Amino acid sequence: MIYCGIDWAERTHDVALVDDTGQLLAKRHITDDAAGYKILLDLLAEYGDTEEDPIPVAIETSRGLLVAVLRTGKRQVFAINPMAAARYRDRHSVSRKKSDPGDALVLANILRTDMHAHRPLPQDSDLARAVAVLARAQQDATWNRQQISNQLRSLLREYYPAALAAFEPWQNGLCRREAHELLKAAPTPTRAARLTRTQLQAAMKRAGRQRRIEPEVDRLRDAFRADWAHQPPLVEDALGKQMLALLGQLEAASRATEDLARAVEEAFPQHPDAEIILSFPGLGVQLGARVLAEIGDDRQRFADARGLKAYAGASPITRASGKKSSITRRWVKNDRLNHAGYLWAFASLRPSPGADAHYRRRREHGDWHAAAQRNLFNRLLGQLYHCLQKRELFDERAAFPAQLAAVA
């Protein structure tokens, strides 16, 4: 057996090949372009790499063009955590020395000695990987929009509390187009107090509102003209300019979130697993796409449902030493899947009587809200694994027979 280790960098990469005895067979320094990739593939072919029997590769990243080139065919690519690679480095040298060629050699030796303890990158389909890109980007855009919205809210609290009071009755107040148009028309409380009914109506119509404009205009006008404390005029104008800059970022983040959401809605239903995932209570297109993005469609990725639950952080972990033993939640997990699972469990309570009964039973046994949600997610995830393996849709009676009987 030949093993390959690649120390990844931004512009260049170091490659090392070792045999079963740990003997260094070859090393190369390649560039991050097509010419460098060709040198790497020629080097692997020189030492026996074939399409039917490819040489396994260890690298410290799971993304990028180099990984895409290596994943063609049946090759096993192992993404080794840099922290784990640093621990392995100490096995080969106690002097704490470090170099890029040395790191490549360490990665190759990780496969030589402990390949069975590491998991290769899943062989997901191209459509599943495309959905993963879109779903993760949409999730990141949503988080970015919320972060900017929080910054804008904090700024308005410093000099413009009238705006917060005016937008409070609206759901997702600062992210709504009506709020954006009103803040553009009046970036300071002084200018907001001078807005006429006609100007307020025009701003609401520009935002696309068609119903209940007159009552909203009266309410907004009263809120803007109420008695509020003011900053000095120069400071207020400066804060207004800062607010407009933040508002521009929020509008861009909102457009990106909406565009990516539409892209997910187009791509996710095309996947064969979409029908099964959407059959589960609490899973819509966006949340279902996030679940698919993290678990993939490689049916050999997890040996059983327990592996998937541990990967998602849904199952508890036991720590025992001597006479001491404790059962706690997992800290090392897929954070994206764990976050989607929390939303999934919460959203399933209303459409699924069995899920609601399961959650209430956990609360009655002393679990806090988060623990009960995590336990419900653990159960739903096991059911999802079964349905995907058997190609079956979700069945409420089969999923929660005891809970439904108790409810009846």
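Modeller: Axes are lines fitted to C-alpha atoms, for helices over the stretch in contact, and angles between N-to-C directions run from 0 to 180 degrees. The model is predicted, so local features need pLDDT of at least 70 and side-chain atom pairs pLDDT 80 or more, while totals for chains, interfaces and linings use all residues. Residues are numbered from 1 along each chain as its sequence is written, and side-chain values use heavy atoms, without hydrogens and water.

Helices are DSSP runs of H or I with at least four residues, numbered from the N terminus. The axes of helix H16 (residues 353-364) and helix H17 (residues 369-390) lie 9 Å apart, at an angle of about 135°. The crossing of H16 past H17 is right-handed: the near helix is turned clockwise from the far one by less than a right angle.

On the H16 side, Ala355, His358, Tyr359, Arg362 and Arg363 take part in the contact (heavy atoms within 4.5 Å). Their partners in H17 are His369, Ala372, Gln373, Asn375, Leu376 and Arg379. The residues of this contact comprise four nonpolar, four polar and three charged.

Cys387 has a relative accessibility of 6% and counts as buried, that is, under 20% relative accessible area with a 1.4 Å probe, protein chains only. Cys4, at 0%, is buried too. Across the whole structure, zero disulfides (cysteine sulfur atoms within 2.5 Å) are found.

Methods. Helices (H or I, at least four residues) and strands (E, at least two) are DSSP runs, numbered from the N terminus. Ala, Val, Leu, Ile, Met, Phe, Trp, Tyr, Cys and Pro count as nonpolar, Asp, Glu, Lys and Arg as charged, and the others, Gly among them, as polar. Buried means under 20% relative accessible area, exposed over 50%, partly exposed in between (1.4 Å probe, protein chains only).
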